[in-house]
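I opened this model to look up a few packing and pairing details. My notes follow in the order that I made them.

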Amino acid sequence: RNILAGVLKRIKDRDGCTIRIACGNDEFRRLSGFASAIIADASADIEILQSTIASGKPVVLLNDWRFKEQPPNLGHVRTDDGEIGFKAADYFLSIGRFRSFGYIPAYTDKEWSVKRGRAFALRLKRKGHDCRMFSKENGEGQGLESWLKSLAKPAAIFCAWDKIAADAAYAAQKARIKIPSQIVLLGVDNDEIYCTSTSPQISSIEFDAENEGKMAADLMLKMLSARKNSISRTICCGTVKRVVERESTKPPAPAAFLIERALKFIAENAVKGIGPQDVAAHLGISRTLLDLRFREMESGTVGELIMERKLSVLSMMLRKSKIPAVRLTKECGFGNINHAKAVFKKRFGMTMREWRRQNQS
């Protein structure tokens with residue numbers, strides 16, 4: 001609607017110009033027969049467009065990448081999707097510290113979706129962060145829930161457009177992932193139907209769609225009056241206006257920074273035999289509050305994360321050294337060798353000796 005508003009503002013006051021709006025391809029087919037020029041988006045029937053282009057009439061396409069051939073009567077106006085991806089990354093980096101970043105593309109291959117994701121990942125990489133891409137091969141339902149669960153929390157998720165962000169919000173709700181304390185969501189288009197239909201409501205990047213419409217109208221008028229090949233027929237619009245902030249991107253709660261400090265302490269000290277009480281003491285909070293914060297932000301308990309870190313270091317040392325397992329277990333913070341053997345076998349499905357034999361180079 002905003003693009004259409006821009007077209008109308010440019011054309012409605014010009015003498016001799018009559019505008020007809022085609023709602024659906026049946027009406028588009030009927031109107032295209034007598035129209036002098038056409039502006040269409042990617043939903044327009046490709047056969048009708050091909051027929052119109054073949055007739056020699058000027059045709060301006062909005063964000064439509066389907067045409068490989070570029071005859072002189074075909075023009076393009078395209079959103080700067082790279083700018084949108086950069087804006088999303090910069091916005092996330094400005095509102096807080098996140099342990100992971102993700103991108104959910106359109107579920108069918110779309111050039112604009114790919115460009116937004118690439119730009120988002122590139123900007124994050126330049127700032128020292130990785131970006132995990134959701135694959136459409138995983139499907140929209142359970143696959144999206146599982147993917148959201150797999151992200152280290154708090155996570156910042158950029159979605160190709162608002163419909164995808166709404167789907168992510170529903171998937172998070174099913175997976176019992178809290179927004180915005182565990183993940184934050186950002187869409188594109190600021191489509192109020194999608195953005196306000198979820199709870200919490202979704203933040204979105206708004207670009208100047210009305211200006212795109214004006215540029216499309218200007219290009220069409222120039223093509224009607226210009227000589228063959230005398231003007232540029234592909235225009236890329238850098239039109240990001242703002243991020244419309246709603247509840248889905250409230251900055252991470254102080255709990256997120258508390259957990260970040262706890263995880264760093266565990267990573268550095270787990271093999272020294274620490275327990276949950278030591279973590280609480282390091283943070284200067286009670287054990288009860290520590291457990292509460294972990295239940296809000298993490299899938300495991302403090303004790304489970306300490307054990308996972310000890311087993312990770314133990315498995316690495318078993319693979320890289322020939323030091324006896326009894327000695328290694330002590331160096332990794334295990335006070336009892338039998339307990340170490342039991343938890344190791346439960347975690348890896350084999351004894352330490354078997355694991356070392358299979359993994360040692």
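**Helix α16 and its neighbours**

I began with α16, whose buried residues pack against α13 (302-320), α14 (325-331) and α15 (337-348). I note here that this is a predicted model.

Which residues of α16 (residues 352-359) are buried? I found Met-352, Trp-355 and Arg-356. Viewed down the axis of α16, these buried residues fall within an arc of 100 degrees, so they line one face of the helix. I then checked the face turned away from the buried side and found the exposed residues Arg-353, Arg-357 and Gln-358 there.

**The sheet**

Next I traced the open sheet, which has four strands in the order β1-β2-β3-β9 with parallel pairing. I listed β1 (38-41) and β9 (234-237) as the edge strands, each pairing on one side only. The twist from one strand to the next averages 20 degrees.

I looked at β1 and β2 (residues 59-62) in detail: they pair in the parallel sense over four bridges. Ala-40 has Leu-61 in β2 as its bridge partner.

**Salt bridges**

I counted salt bridges and got 17, using a limit of 4 Å between a side-chain nitrogen of Lys or Arg and a carboxyl oxygen of Asp or Glu. I looked up three of the pairs individually.

Arg-30 and Glu-27 form a salt bridge, with the closest N and O atoms 3.7 Å apart. The two are three residues apart in helix α2 (residues 25-32), so about one helical turn separates them. I logged Glu-27 as partly exposed, at 24% relative accessibility.

Arg-123 and Asp-90 meet at 3.1 Å, N to O. This pair links distant parts of the chain: Arg-123 is in helix α5 (residues 111-126) and Asp-90 in helix α4 (residues 81-95), 33 residues apart. Both are partly exposed, Arg-123 with a relative accessible area of 22% and Asp-90 with 32%.

Lys-163 and Asp-167 meet at 2.9 Å, N to O. Both lie in helix α7 (residues 162-174), four residues apart, about one turn of the helix. Are they buried or partly exposed? Lys-163 is partly exposed at 25%, whereas Asp-167 is buried at 16%. Last, I noted that salt bridges with shared partners join Lys-9, Glu-210 and Lys-214 into one network.

Definitions and conventions. Residues are numbered from 1 along each chain as its sequence is written. This is a predicted model: local features need pLDDT of at least 70, side-chain atom pairs count only at pLDDT 80 or more; totals for chains, interfaces and linings use all residues. Side-chain values use heavy atoms; hydrogens and water are left out. Two strands pair if DSSP finds at least two bridges between them. Axes are lines fitted to C-alpha atoms, for helices over the stretch in contact, and angles run from 0 to 180 degrees between N-to-C directions. Buried means under 20% relative accessible area, exposed over 50%, partly exposed in between (1.4 Å probe, protein chains only). The arc is that of the directions from the helix axis to the C-beta atoms. Contact means heavy atoms within 4.5 Å.
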